[in-house]
Amino acid sequence: MTEQERRTGRDESEEERADRMWGELLQEVRVAQMGVQILFGFLLTVVFTTKYDTLNDTDQTIYIVTVVFGACATGALIGPVSLHRLVSGRRIKPQAVTLASRLTLVGLILLLATTACSLLLILRVATHDDYVPWLVSGVVVWYLVCWFALPIWARRHHTE
């Protein structure tokens, strides 16, 4: 068994590995894209409601920041599709997979920020309570555990 076979656990060339990883990445991006597009679409409608005019300056600022995060997350999570389309056939799939993976990670971080800001705004408007930042912080910690800490732990614990 070669060093490469031990490392990947598969008998595949660099191109085959890139093809497999690209397919896996696209499936992951589809899930994240759906969530960010629904959230972003909802956010875009808020400014046109009568309630928006009654928000104080802080809540309007939170809304604007949230929309910008949502737009950036949408761009980052759609980016791998554009990347693939523009580099397809150029024999750089391994490099494209690396770039698309990084875009996806950035998109997930921006999605986390969008979700946290959305939750902050909604809970501020709904409750006006002082515990809202603590509750949102707890949710952010939960996301960090689910989205980053657990995968990093599994990666370190289950790989040689």
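Tutor: Cys-146 counts as partly exposed, because its relative accessibility is 31%. The scale is simple: buried means under 20% relative accessible area, exposed means over 50%, and partly exposed lies in between (1.4 Å probe, protein chains only). This is a predicted model, where local features need pLDDT of at least 70, side-chain atom pairs count only at pLDDT 80 or more, and totals for chains, interfaces and linings use all residues. Residues are numbered from 1 along each chain as its sequence is written, and side-chain values use heavy atoms, with hydrogens and water left out.

Now look for disulfides. A disulfide is a pair of cysteine sulfur atoms within 2.5 Å. Searching the whole structure gives 0 of them. Cys-146 is in no disulfide, and its nearest cysteine sulfur belongs to Cys-117, 19 Å away. Cys-117 is in no disulfide either; its nearest cysteine sulfur is that of Cys-72, at 12 Å. Cys-117 is buried, because its relative accessible area is 16%.

Next, the stretch around residues 131–154. UniProt, in an unreviewed entry, places the feature "transmembrane region" at residues 31–50, 62–83, 103–125 and 131–154. Those positions use the numbering used here, feature names are shortened, and annotations may be inferred rather than shown by experiment. The span 131–154 is 96% helix and 0% strand, with its end C-alpha atoms 33 Å apart. Residues 62–83 are 100% helix and 0% strand, and there the end C-alpha atoms are 31 Å apart. Helices (H or I, at least four residues) and strands (E, at least two) are DSSP runs, numbered from the N terminus.

Tyr-131 sits in the loop between helix H4 (93–127) and helix H5 (132–158). Tyr-131 counts as partly exposed, because its relative accessibility is 42%. Together with Trp-134 and Leu-135, Tyr-131 makes a nonpolar surface patch of about 390 Å². Patch residues have over 30% relative accessible area and no salt bridge; like charges are joined within 9 Å, and nonpolar side chains (Val, Leu, Ile, Met, Phe, Trp, Tyr) within 5 Å. A salt bridge is a side-chain nitrogen of Lys or Arg within 4 Å of a carboxyl oxygen of Asp or Glu. Areas come from the Shrake-Rupley method with a 1.4 Å probe; for residues, only the protein chains shown count as cover.

Finally, step back to the whole chain. The protein chain has 5 helices and 0 strands. Of its 160 residues, 30% count as buried. Its C-alpha atoms fill a box of roughly 65 × 35 × 15 Å, taken along the principal axes.
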